[in-house]
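Biologist: Hello! Could you help me learn to read packed helices and sheets?
Modeller: Gladly, let us look together.

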Amino acid sequence: MAAIAPFVALALLLILGYFANPNFVSVANLLNVITRSAFIAIIALGATYVISSGGLDLSVGSMVAFVASLMILFMNSGVIADPVLMLICAAMLALLLGAACGLVNGLITTVGRIEPFIATLGTMGIYRGLTTWLSQGGAITLQDRELQQIYRPVYFGSVAGIPVPIIMIFVTAAIAAFVLYRTRYGRHVVAVGSNEDVARYSGISVNRVRTIAYVIQGLCVAVAVLLYVPRLGSTSATTGILWELQAITAVVVGGTALRGGVGRIWGTVCGAFILEIVGNIMLLSNFVSEYLIGAIQGAIIIIAMLVQRSLMRRT
Amino acid sequence: MMAATSQNGPPVLQAKGVSKTFGIVEVLRDIDVSVRSGEVHAIIGENGAGKSTLMKILAGNHLPTRGELAIDGKPVRFSGPVDAEHAGIVLVHQEILLAPDLTVAQNIYLGRELRKGITVDDRAMNDGAARAIRDLGAEIDPKTVVRRLSIAQRQLVQIARVLLVPHRVVIFDEPTASLTPHETEALLKVIKAIRAKGVGVLYISHRLPEVKEIADRVTVLRDGRVVAVHDAAELQPADMARLMVGRDVAKLYPERHGAPARDVVLEVEDFSVPGFARNASFQLRKGEILGFAGLVGAGRTELMEGVVGLRPGHGRIRHHDKAVDFFSVQQSLKAGIVYLSEDRKGKGLLLGKDLRVNLTLASLSRFVKTLQIDRRQEADALDGAIREFDIRTGRKDILAGQLSGGNQQKLLLAKMMMLDPEIVIIDEPTRGIDIGNKEQIYKFIAKLAEEGRSIIVVSSEMPELIGISDRILVMRAGQIVGEVAGDKMTENEIVVLATGANTGEAA
């Protein structure tokens with residue numbers, strides 16, 4: 001019941017969208033909307049791991065800005081002449097940085113034994129501050145024309161008519177689902193999230209499982225960065241602001257329990273779509289001002305929690 | 001009996017033909033129970049006999065499905081516990097329900113604070129609390145934070161809080177479950193004092209000697225029905241046990257075949273767990289069942305958790321004559337030593353997950369093929385475990401939390417046996433388990449020993465330890481204070497060691 005609720009909500013939204021504006025359900029519009037949800041969807045996949053293992057990561061928005069800025073600065077440095085090789089190295093660097101940022105979060109919460117909320121609130125400030133410092137308050141922009149041209153299709157291109165970002169969402173989600181549902185590590189994540197003591201008494205290294213979850217979150221942030229940089233080719237101190245709110249909302253809307261122990265990968269993807277679609281419907285219809293998008297998204301997370309709890313009570 | 005027991009006129013509180021069903025499960029059928037002013041009426045029965053449900057109905061927490069309640073002979077229908085309280089029926093819960101960071105007085109007056117104008121009147125509440133506790137024959141500073149109190153003191157605070165309400169009937173739900181003999185003695189005095197004031201007392205317990213001491217009448221429940229009502233004077237504890245169980249208790253413990261071998265598999269020397277156990281030394285032989293007795297809080301659980309690396313400890317451990325030191329439980333598991341926690345629900349099983357996930361959690365690597373968990377193999381393992389350990393479940397896809405206590409324990413046993421351990425440490429193997437399952441678990445334990453495994457059983461139930469152990473070590477206040485074996489394995493011998501009764505000090 002709780003597992004299919006987000007998909008039902010998505011279907012209802014699509015119907016609502018049709019009545020608000022028939023153009024909404026056109027293939028072009030839907031592909032466009034889903035493409036735009038890619039950043040949040042991919043970040044939220046990582047958040048699904050962190051949250052279902054009983055943690056929380058508030059730093060993802062700042063991490064996007066930080067990793068993206070360093071990636072652009074690296075590409076601007078021109079240390080590698082060949083543009084394709086440069087791009088590959090920059091991508092590797094982004095993944096490495098994302099993993100490292102996640103590792104820092106993981107170690108502070110597990111080895112440092114600081115509440116995830118506080119730990120990642122701290123690193124949120126740190127990553128954001130470092131970004132502001134790197135950009136000196138302004139913007140960091142990718143300079144090299146040739147690099148821009150080669151990199152552009154990663155966000156704007158499509159394969160067999162399907163935009164690359166949408167393919168990335170589903171590939172990442174498929175890997176995430178395999179690991180969470182099929183492997184030993186995934187089983188351990190759920191066990192640690194549902195009862196840390198039981199996991200410990202069963203011989204599971206709780207700290208290792210949690211730390212790796214944060215690293216996975218960092219990697220997902222890096223993948224989102226790989227899509228984000230070719231889109232605008234630029235970052236600033238305000239890049240990724242409030243993305244942590246959207247990612248957590250997508251996870252919760254998707255049916256993952258915020259207290260840990262239940263992770264729903266495809267629910268999370270669905271949650272990210274819902275968020276973007278709500279915004280799109282508001283844009284296409286004239287009912288509500290689009291400036292209220294943030295307020296609506298905030299309301300969605302509260303409603304999702306209420307629905308989740310009432311479904312939980314019934315079972 | 002003592003005091004003024006039977007009086008004429010209707011009982012203060014009475015249940016007539018009360019039945020209760022949850023869904024399709026009938027937990028109580030046609031129960032008639034009454035309590036008069038100035039009597040202690042004990043309700044006894046095995047776990048799952050329906051005692052707690054009956055108490056919750058009497059205290060207004062549940063409505064009966066059929067039948068009715070009456071006060072002074074007049075039918076009543078409680079809309080909730082508050083309603084029952086207004087009628088003078090109060091319940092002392094089994095668990096301690098106090099706010100640990102508030103003071104004794106703040107807890108006693110929680111939700112009914114005395115006020116002076118718009119501020120709370122701390123002085124009046126402290127005085128009132130001190131008086132209420134003194135009435136119970138104890139002395140606790142009302143300004144103490146509850147966190148600093150012992151379990152027994154907290155229980156007194158809880159009783160004082162309940163008695164603050166004008167009351168005619170007090171229901172005690174297994175109040176002595178976590179008390180030492182000394183503390184139990186003190187509590188029974190309190191209950192006698194309450195009785196002497198003409199209050200009716202309903203007393204739930206399965207500790208029969210204390211029932212014999214305190215009760216005027218005894219009602220025995222079995223499988224949700226009243227099987228006997230007697231004056232306590234007519235019953236001995238052994239009779240009560242037979243009525244509760246419905247069969248002879250003597251055959252509960254399995255016969256043991258063969259004596260343990262001489263070879264020592266585990267030797268613990270001078271092992272300490274800071275704050276809980278000091279300088280413990282013991283040996284465990286192959287095929288042996290070694291009992292650990294002691295009062296709650298004697299440090300047995302903590303010692304075992306220290307040995308297997310679940311909490312920091314230091315000392316020398318030799319495993320097959322090889323010095324080892326387990327920094328984490330992963331290491332001791334790898335060495336073939338498993339520990340089954342006394343806290344089955346909190347540390348043993350994932351209650352919200354299904355049986356399959358629970359069964360394989362500790363031994364998952366056995367089920368991994370090319371990165372993936374083989375669910376077919378897991379399902380086969382579950383079938384095997386259900387057969388071998390006789391886990392009674394209608395369906396295999398239910399959650400572990402939906403199993404009865406006894407079946408949960410069997411599942412936990414099966415889970416740890418998936419690791420094929422050489423040494424099994426079981427903490428309180430039958431806590432909260434009905435008699436049929438107890439018997440089975442004793443058989444499993446005996447069988448494990450016969451297979452050549454070595455077992456340590458930590459238990460607070462002395463008959464159980466005596467029934468299954470080859471020898472018993474007794475702990476008091478963090479130290480091993482003695483060993484009993486052979487003819488000396490008697491409750492009396494153990495109690496003397498566990499309480500330090502001869503020296504007059506209590507743990």
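Biologist: How are two packed helices described?
Modeller: By the angle between their axes and the distance between the axes. Here, helix α5 (residues 83-110) and helix α6 (residues 116-135) of chain A pack at about 145°, with axes 9 Å apart. Axes are lines fitted to C-alpha atoms, for helices over the stretch in contact, and angles run from 0 to 180 degrees between N-to-C directions. Helices (H or I, at least four residues) and strands (E, at least two) are DSSP runs, numbered from the N terminus. This is a predicted model: local features need pLDDT of at least 70, side-chain atom pairs count only at pLDDT 80 or more, and totals for chains, interfaces and linings use all residues. Residues are numbered from 1 along each chain as its sequence is written, while chains are lettered from A and ligands numbered from 1 in the order in which they are written.

Biologist: Which residues of α5(A) and α6(A) make the contact?
Modeller: Among them are A:Cys101 and A:Ile108 of α5(A), and A:Ala119 and A:Tyr127 of α6(A). Contact means that C-beta atoms, placed from the backbone, lie within 7 Å.

Biologist: And how do strands of a sheet pair?
Modeller: Through backbone hydrogen bonds, either parallel or antiparallel. In chain B, an open sheet of 4 strands has the order β14-β13-β16-β17, with antiparallel pairing. Two strands pair if DSSP finds at least two bridges between them. The edge strands are β14 (277-285) and β17 (322-324) of chain B.

Biologist: How many bridges join β13(B) to β14(B)?
Modeller: There are 6; in one of them, B:Glu267 has B:Gln283 of β14(B) as its bridge partner.

Methods: Contact = placed C-beta atoms within 7 Å.
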